[in-house]
Amino acid sequence: MSKALRLSEKWFRFGLWLVAFVFASFLIGLGGTVVENLPQVEHHYTLEDFIDRPAADAARAAIRSTQETRQNADEKMAQAQLRLNTARADAATARDTFNNWLATRHVTQRPEQDPELLARTRQLDGLKAAERQALNGVEAQQQILLDAQQAEAHAQRDLRELERVAGEQLTTELRSQELRVFGYRLLLTLPLLGIAGWLFAKKRQSTYWPFVWGFIYFALFAFFVELVPYLPSYGGYVRYVVGIVITVLVGRSAIIALNRYLERQKQAESMPDVERRKELSYDTALARLAKKVCPGCERPVDLANTAIDYCPHCGICLFDHCGKCEQRKSAFARFCHACGAAARAAE
């Protein structure tokens, strides 16, 4: 068709297509903003909306308390361990000194040193008692630490169980919310598709066709970009079912359209040649000829073969002769390309 257009008309059409795309882009931006804000009509659910608050708060408080207790026990156990190490070192040193002194006492056999022996023994016993006391302090802190760790583990286990139950409820609610938001998108998109279909069928060649096509592109974008990716997926069943339904509907429409087209073609091919050429618009005929197909039946024809004047498939006249100069010309041309004479009215 573009070969049959005037140069300025081509530029005007190009500009109008730009208008269509710009119009569609603004509509897409507006629609995208609306669709993006659709989830805001629903509450943003979190785990805290479904968890047992009193039980969770009690578990968290217990965890914090046991963590503080464990931290304090760690600090006190470090101090107690240091005291134990000191007591053990003192006792070991005193024991070594006492053993050396006993060895000397055994060699000298001096009875006057018996009181000192008793004093050294009492001193060593005191150091062993201090060591035992320090060990008791370490063991006490270890017990406190173990109790805190076990209590924290119990609280953590209770909290995880509460979060697991709440997580299941959250998942269920999010799926329901996802389905509701998809329903909102569907309610917004389906009317757009319906309007776009009506515009395509009735208004695509009207005076305001740039706006018609811009709206059609917007509706298709809203469906395939703003709706289809948000199809809820329950194990894939919803997506596959919706895909099957859409495929069946589109396929059925395509089959019906094809059968209607074939029926129209049969009816057109049964009409007289002159009437058939009158039914074809000038631009449509030239566009089909530019594609090297018959304007009547749209089947391929060797137009370069000068021996072919009629379509071998449907019989429509493709080439005739000028009534003035007898030059062979296209039967759909309005003027002779050789002499410029107007085509005959019968043709």
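R132 is partly exposed in this predicted model, with a relative accessible area of 40%, and its side chain meets that of E139 in a salt bridge, at 3.3 Å from N to O. E139 falls into the partly exposed class as well, its relative accessible area being 39%.

How many salt bridges does the structure hold? The total is 9, and I would like to go through a few of them. In one, R328 pairs with D309, with 2.9 Å from N to O, and this pair links distant parts of the chain, since R328 belongs to strand 2, residues 328-330, while D309 sits in the loop between helix 7 (282-290) and strand 1 (319-321), 19 residues away. Salt bridges that share partners also join E48, R53 and R60 into one network. R328 has a further contact, in that its charged end sits over the ring of F319, 3.9 Å from the ring centre. A contact of this kind is found again at R334, which lies over the face of Y282, at 4.0 Å from the centre of that ring.

Another salt bridge connects E152 with R70, where the closest N and O atoms are 3.0 Å apart. Is E152 buried or exposed? E152 is buried, at a relative accessible area of 11%, whereas R70 counts as partly exposed at 25%.

Turning now to the aromatic side chains, the structure holds 8 aromatic pairs. One of these is formed by W17 and F21, a tilted pair with 6.2 Å centre to centre and 35 degrees between the planes. Because W17 and F21 are 4 residues apart in helix 1 (residues 7-37), about one helical turn separates them. W17 is partly exposed at 30% relative accessibility, and F21 is partly exposed at 46%.

Why is the pair of F23 and F211 edge-to-face? The ring planes stand at 90 degrees, with the centres 5.2 Å apart, and the edge-to-face class applies because planes over 60 degrees apart are counted that way. This pair links distant parts of the chain, with F23 in helix 1 and F211 in helix 4 (residues 209-224), 188 residues apart. F23 is partly exposed, at 28%, and F211 likewise counts as partly exposed, at 41%.

Finally, ring pairs link W17, F21, F200, W209, W213 and Y217 into a cluster.

How values were computed. Residues numbered from 1 in each chain as written. Predicted model: local features only at pLDDT ≥ 70, side-chain atom pairs only at ≥ 80, totals over all residues. Heavy atoms only, no water. Salt bridge = Lys/Arg side-chain N within 4 Å of Asp/Glu carboxyl O. Buried < 20%, exposed > 50% of the residue type's maximum accessible area, 1.4 Å probe, protein only. Helix = DSSP H or I, 4+ residues; strand = E, 2+ residues; numbered from the N terminus. Phe/Tyr/Trp six-rings, centres within 6.5 Å; stacked < 30°, edge-to-face > 60°. Lys NZ or Arg CZ within 6 Å of the ring centre and 35° of its normal.
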